[in-house]
Amino acid sequence: MLRKRQVHLDFHTHDAMPVGKSFSKEQFQTALKLGHVDSITVFSKCHHGWSYHPTEVNEIHPELTFDLLGAQLEACAEIGVKAPVYISAGYDEKEYVKRPGWRFQPTTDKVGQENYVNEVHFHLMCFNTGYLDFLCAQIEEVMVKYNPCGIFLDIISPKVCYCEKCLADMKAQGFDIENAEDREKFALLVFNKYTDATNAAVRKHSDTATIFHNAGHIPKGDYDFINKNTHLELESLPTGGWGYDHFPLSAAYVRTLKNTEFLGMTGKFHHSWGEFGGFKHPNALIYETSLSIANGAGCSIGDQMHPLSELNMATYGLIGKAYALVEEKEPWLKGAINVADIAVLSAEAVTGRRDSLADIGANRMLLETNRLYNFVDGKADFSPYKILVLPDIAIENNNILEKIKEYVKNGGKVIATGEALVKDREFFLDTGAEYIGKNEFEPTYFIPEFETVNGKTEYVMRCKSFNFELTDGEAFAYGQNPYFNRTLEHFCSHAHAPNNPESIFPGAVVKDNIAYIGWDIFTAYAQHGHLCFKELFSFITEKMLGDEASVKADIPDKGVVTFTRQTEEKRNILHLLYAHTTVRGKNTEVIEDTVPLYNVKCSVKCEKEPSKVALVPSGEALEFTYENGRAEFIVPKVNIHQMIEICD
């Protein structure tokens, strides 16, 4: 089982830097104890290409005079801290300079390649060259010498390479070099060659060592890659460009994978990797680790050790403020499974295209409306979910379409948007409407048939829309077109033409268990964030879910609500999180001050009256009522994170 309080220790050191001069086993151990750390990924080889231990297959860092890796492993073993070993796989600056034939080449353009070579950054190696054998030899050496509990390989992903070896092999294997799809297929073959070879290098010497290939992203639905790992680590540094809604989206998918443990990886840095002297506020790290455990993950915090090899005590004091709290909460995390009412069929899993705006927008809406949800791929079992959301994207896979139809036949509810219900120019489910086609106007206007914050009026919809005619369905929103699209020939005002009241059409329809919204609302929400997009989705979600919602919590849109089940302990755990974020600099979203919430009303669906409702880990009992299958109670205070146990 993965440990919950891990550190990922970066160490990428140029050969001109002193290394190891200040390393002390006692200081290393003191820092880990201060940080309440129970696992730390230590380093064998860095992006610069140097090994940090005696080696027969590579070169030890020229300034290192002892076995730094061995010393770290020994220090960890003495205090019961696990220590997987890091090996840079994608980057090797030393060999990039020495062996031009092993270089990854991102283009056939001579000037473009020269620019890549001369840019000040780490450079990639090509796995389709002798570099792969060189890498595997390094892995095997570490396995034989140190027998580590795990291997972490970084930074890797399928990439199209135009080196002489790749071009020759593509041609020899019948791939069309001029065809983008063929180039991507060959890149995937090379990547699979890499994962197979490196996994074999580990397994040759250990059946139990963990293996993780870090690509910085877990591709939804890509089981070929997912299954090459023993566990998953979700890299998501909020201040490093990911933002605070990235991890919940990634975790909402990964936690649905059977028998797959995972970590949420953040960092202690103000910005991101490679930052010396950067610190975030302790409240930020407390929130980020709480967000990990509330979403079913363990925690990993990124750090970078100074070349002199002394751990920074301020860093481990910072980490300890978060991990001391995680340690207290661990009894309520063991074996806990996240409960979800809603499944979102991931647009990325359907299309294979990363960073789908449809997924991002759906995730934000569900987070902000405090719903319990998972993201799923086409292989998932839809039956446990009360609602299946199909976001924006047309589904071409017939097997998935049949699964959706079967889900509806068995009583499942569907909310679909955009082209997600369209197959062969018609709706593949009975929506109570007949599909016409894509609307020629953009933007259009939405008119609700329900209460909204700003009343019943025309709301601009900056996204694609799709026309349909009602048959026996009930419209819960209408649309209007502008007088014309904005063109050089005719435009109005600064942005777009106003609504034409004579052009009204149905915009959203519901019939029985099927609701359809004729706009790409999730993509639009990711791009523009208009409240009206969320109000439209929120209305139909509440209409279809109602009192069947597992949890209702009166918490602001910046709050996060999750719900887990510990079967052996016969209890559910409600997680309530809230943090106030501020943008500093140009686009760095940070957490500093806490803003506690008071007297948060909660309602939890229960099969029978609970024996106890209590705050944990404090154990303070809460008064509650039980009526109509729901336990209702008030949480007196939420300061960043509060857990409540509801015992059978």
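Proline 443 sits in the loop that runs between strand E16 (433-438) and strand E17 (444-448). Strands here are DSSP runs of E with at least two residues, helices are DSSP runs of H or I with at least four residues, and both are numbered from the N terminus.

Before going on, a word on the source. This is a predicted model, in which local features need pLDDT of at least 70, side-chain atom pairs count only at pLDDT 80 or more, and totals for chains, interfaces and linings use all residues. Residues are numbered from 1 along each chain as its sequence is written, and side-chain values use heavy atoms, with hydrogens and water left out.

Back to proline 443. The peptide bond leading from glutamate 442 to proline 443 is cis, with omega near 5 degrees. Another cis bond joins valine 616 to proline 617, with omega near 10 degrees. Where is proline 617? Proline 617 is in the loop between strand E29 (612-616) and strand E30 (624-627).

Now the phi values. Asparagine 147 is not glycine, yet its phi is positive, near 45 degrees. Asparagine 147 belongs to the loop between helix H5 (131-146) and strand E4 (150-154). Is asparagine 147 buried or exposed? Asparagine 147 has a relative accessible area of 53%, and it is therefore exposed (exposed is over 50%, buried under 20%, partly exposed in between, with a 1.4 Å probe and protein chains only).

Aspartate 512, also a residue other than glycine, has a positive phi near 55 degrees. The loop holding aspartate 512 lies between strand E21 (505-511) and strand E22 (514-517). With a relative accessible area of 68%, aspartate 512 is exposed.
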